[in-house]
Amino acid sequence: MAETTAPEPTRRDFLYIATGGVAAVGAALTAWPFIDQMNPSSAVLALSSIEADISSIQVGQQVVFNWRGHPLFVRRRSPQEIATSKAVPLSDLIDPIARNANLPDNAPATDANREIKPEWIVVVGVCTHLGCTPTVSTPQVPQGEYGGWLCHCHGSQYDVAGRVRHGPAPQNLAVPPYSFVSPTKIKVG
Amino acid sequence: MKALTLAFAALIATSVAASAEDFSQPLPPKDVHWSFEGPFGTYDRAALQRGFQVYKEVCSACHSLNRVAFHDLIGGEGGDGFFTEPQAKAIAAGYKVPADPDEKGDTTDDKGQPLMRAAILADHFPAPFANENAARASNGGALPPDLSLIVKAREGGPQYVYSIVTGDGSPVPHGFKVIDGKYYDPYFAGRNISMPPPLRKDSVTFSDGTPATVDQEAHDVVTFLSWASEPKLEERHRLGFGVMLFMLLLSGLLFLSYRKVWSDAH
Amino acid sequence: MSGPSTYVPKSGFGRWMDSRLPLMRFAHDTIITYPTPKNLNFWYAFGAILTFMLGIQILTGIVLAMHYVANAGLAFDSVEGIMRNINYGWLIRYMHANGASFFFIAVYIHMFRGLYYGSYKSPREVIWILGVILYLLMVATAFFGYVLPWGQMSFWGATVITNFFSALDQIVPHLGSAIATWLWGGFAVGDATLNRFFSLHFLLPFVIAGVVALHIWALHVPGNNNPLGIDTKGPQDMLPFHPYYTVKDSFYVALFALVYLAFVFYAPNFFGNPDNYTPANPVVTPPDIVPEWYLLPYYAMLRSVPQKLIGVLVMAGSLLTLVFIPWLDTSKVRSTRFRPMMKQFFWLFVIDCAILGYCGSQSADATLNLGSFELPLVWVARICTLYYFGFFWVVMPLLGIIEKPKPLPANISQPVLSPAE
């Protein structure tokens with residue numbers, strides 16, 4: 001059975017290209033809201049920054065805040081802890097990079113580069129190995145050999161500046177972007 | 001057959017409601033104009049700020065605004081609000097919201113009062129009453145509705161809310177009996193409303209110096225409440241304009257393509 | 001009708017796939033070379049429009065489901081969260097809500113087209129019945145979907161509709177109540193009901209997609225009907241679907257989308273009910289419970305019968321009637337273009353449906369002011385319901401016997417002296 005042959009366009013007509021192009025652009029523009037809707041909503045972003053009151057934290061004590069869904073460790077160090085930490089040579093460190101969001105990416109992990117004020121250590125409480133929450137070491141209940149934190153999942157140990165001293169964690173605990181809005185209040189994020 | 005059909009349709013089209021004063025029906029809402037009406041409408045920023053002031057100083061005593069968060073007040077880049085971030089933060093800080101339990105797990109202080117903290121941007125506007133029962137107990141058994149969606153939740157939208165708010169306390173017409181404890185509002189179904197007339201001349205003092213007539217206060221608070229119900233209106237109108245232009249272009253191109261493809265049919 | 005496939009794979013990979021899973025051949029045969037009558041008009045574009053709208057609803061629905069919470073205590077808040085916080089959430093929600101309305105606008109036009117041109121007649125009865133099934137699936141999907149925001153109308157609409165089943169108690173004692181309790185998962189519409197409605201609302205669109213495939217397959221067996229209602233005689237009456245109908249349908253889809261988007265952006269709550277912006281309250285009944293506009297004619301029919309069970313049966317009967325149309329219409333002529341008597345009754349039927357819709361939108365005790373007296377709308381609804389059933393069960397069978405149709409054209413290709421109607 002013979003079929004009615006459609007006229008084969010012997011050359012691509014500009015009109016068809018233009019129409020197809022406009023339709024394709026439209027499809028791409030339409031796709032954007034459907035992709036963007038999965039990005040953090042304004043309610044989530046409103047909590048992307050917190051102001052933490054640190055006035056009640058005693059020397060040698062840690063308080064855990066919730067920042068962006070992660071635990072945030074705020075630890076008040078004793079003068080001995082500060083001195084010990086400052087005495088650690090960089091060569092002893094597993095991870096020589098500061099991992100401090102307030103500093104350039106390649107800043108070395110000196111104790112000074114892990115804080116704004118030496119008395120206060122603010123780190124994200126997520127073990128850099130596989131994401132567990134490390135346990136803080138206290139004089140009464142020491143955790144690990146470095147007086148900082150011990151991650152019970154796979155045995156990573158951190159010192160009082162949050163730097164990894166025993167693996168399998170590859171990196172120091174992250175220092176988030178933060179600042180002191182007053183001596184007793186820090187703004188994180 | 002066709003004539004009969006048309007006659008029937010005409011009959012329906014010409015039916016009108018009874019025109020004598022029928023107290024069982026509320027008056028239709030007043031016809032007021034809004035900056036945000038029509039496809040190119042936007043919210044008047046100054047009206048929003050004044051309207052917010054009216055809500056804060058008058059309405060919030062009884063009416064919650066649960067769905068609006070303080071960060072929603074922020075305007076500018078990506079925001080739908082009408083204050084700067086520092087202003088919104090300051091507004092938030094002026095409110096108290098329930099605090100998290102303290103280290104002992106208490107949610108009340110020594111005197112049994114709930115522990116409170118200053119609100120932050122992420123918080124929503126706190127309600128004036130702890131729950132529905134408390135709200136009813138303070139308002140003679142009536143429940144002042146939350147206002148976050150009031151403009152979309154009522155037939156007539158902003159016209160209706162404006163009419164209710166300005167019509168409350170109108171002179172009672174001869175022959176109408178106002179129920180004890182209620183007020184006369186000809187725009188409200190049943191014409192007896194539990195809310196006392198909310199607005200008076202100079203109920204608030206506008207910081208921009210605009211005279212605070214009842215009409216101005218009503219107009220501004222309804223603008224604010226419209227924003228609260230539909231904060232995305234301006235973004236919707238903006239995006240819509242581009243989309244309409246695009247669709248006209250695409251339809252035009254498709255029409256020309258259609259004609260061209262079919263020019264050799266038959 | 002279409003003959004053997006003429007697809008020739010153009011590449012090595014094409015040949016390899018063709019001998020294993022002939023997707024390209026299938027696409028080639030069904031939407032590229034598929035022979036289509038060359039005289040299809042605007043009213044024939046609504047199949048493509050419906051497919052487009054189904055795609056929109058599924059896409060927007062899946063995205064909404066990423067943020068919606070199907071729990072009675074959280075549902076309303078989650079929808080407001082979508083409107084206020086989720087990036088472009090307001091757009092996706094308004095597209096979905098208005099998409100439902102425009103889906104129904106398109107399906108009603110599509111159905112009226114089928115009635116007008118006799119597309120339900122032999123050999124297309126199964127296409128028509130599949131279409132009725134699709135329509136019922138759409139109604140069910142829309143009903144479940146409207147409950148999800150958990151507003152006042154969501155809750156009370158669900159209560160009213162599910163209470164229909166308790167009318168069955170009059171036939172078999174306790175049966176109706178047992179069914180209603182089973183549907184609710186409790187003693188009234190509540191959280192259990194909401195959760196299962198969400199599950200079903202998510203499921204049914206994919207069932208619809210499957211039945212659409214059957215509907216189009218059934219269509220491709222005899223091929224499309226056309227406005228003249230006469231059989232096509234050969235290739236001279238046909239055009240390949242691509243590019244003729246791909247471009248024509250695309251144009252009409254774009255026009256339809258333009259109107260649809262105009263509502264989404266500039267009147268997004270036009271088809272909705274303000275009461276649904278009030279959270280559901282089981283203790284407070286809204287003064288007027290109304291379903292969405294596309295269900296109003298059935299609502300009017302239901303309320304026109306004072307007895308509950310009969311009302312439910314009348315409503316069910318109005319839908320079931322549609323299945324029998326291919327056999328109720330006795331005329332040998334398909335297209336109403338050549339049936340002068342049927343044309344009058346058809347347009348009266350369209351107006352009848354519109355009036356029923358209007359009656360459904362008004363309160364149960366509404367009246368029409370005729371100057372000297374007030375005519376209760378329920379009587380208008382009764383007359384219109386009688387006409388609805390009369391049109392299918394009396395007019396359709398009778399007209400085939402008593403009507404004198406106009407002479408049919410010999411074929412589609414012959415130039416006709418007065419082609420336009």
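These are my notebook entries on two interfaces that I looked up in this structure, which is a predicted model.

**Entry 1: chain B against chain A**

I began with the contacts, and I found that 13 residues of chain B touch 15 residues of chain A. I then looked up the area buried between chain B and chain A, which comes to about 1,200 Å², with carbon and sulfur atoms giving 74% of it. On the chain B side I noted B:Phe246, B:Leu253 and B:Lys260 as the residues that lose the most area to chain A, and together they account for 35% of what that side buries.

Next I turned to the charged pairs, where the count between chain B and chain A is one salt bridge. Which side chains meet in a salt bridge here? I wrote down B:Lys89 and A:Glu51, with a distance of 3.9 Å from N to O. I also checked for polar contacts across the interface of chain B and chain A, and the rule finds two residue pairs, both at pLDDT 80 or more.

I then asked which helix of chain B gives the largest share of the side that touches chain A. The record in my notes is helix 7 of chain B, residues 233-262, with nine residues. Sorting that side of chain B by class, I listed eight nonpolar, two polar and three charged residues.

**Entry 2: the two domains of chain C**

For chain C I noted a division into domain 1 (1-8 + 39-285) and domain 2 (290-407), and the C-alpha centres of these two domains lie 22 Å apart. I found 43 residues of domain 1 in contact with 35 residues of domain 2. The area buried between the two domains of chain C is about 3,400 Å², and carbon and sulfur atoms give 67% of it. In domain 1, C:Tyr116, C:Lys121 and C:Phe164 lose the most area to domain 2, together 20% of what that side buries.

How many salt bridges does the rule find across the interface of domain 1 and domain 2 of chain C? I noted two. I also looked up C:Lys121 again, and this residue forms a salt bridge with C:Asp329, the closest N and O atoms being 3.3 Å apart.

Helix 5 (89-117), helix 6 (125-147) and helix 7 (152-163) of chain C each supply at least two residues of the domain 1 side that touches domain 2, and helix 5 gives the most, with 10 residues. By class, I listed 28 nonpolar, 11 polar and four charged residues on that side of domain 1.

Technical notes
Residues are numbered from 1 along each chain as its sequence is written. Chains are lettered from A and ligands numbered from 1 in the order in which they are written. This is a predicted model: local features need pLDDT of at least 70, side-chain atom pairs count only at pLDDT 80 or more; totals for chains, interfaces and linings use all residues. Side-chain values use heavy atoms; hydrogens and water are left out. Contact means heavy atoms within 4.5 Å. Buried area is the accessible area (1.4 Å probe) that two parts lose on being put together, summed over both. A salt bridge is a side-chain nitrogen of Lys or Arg within 4 Å of a carboxyl oxygen of Asp or Glu. A polar contact is a pair of N or O atoms within 3.5 Å; within protein, one must be able to donate a hydrogen and the other to accept it, and residues adjacent in sequence count only if both atoms are side-chain atoms. Helices (H or I, at least four residues) and strands (E, at least two) are DSSP runs, numbered from the N terminus. Ala, Val, Leu, Ile, Met, Phe, Trp, Tyr, Cys and Pro count as nonpolar, Asp, Glu, Lys and Arg as charged, and the others, Gly among them, as polar. Domain bounds come from an automatic or database domain assignment.
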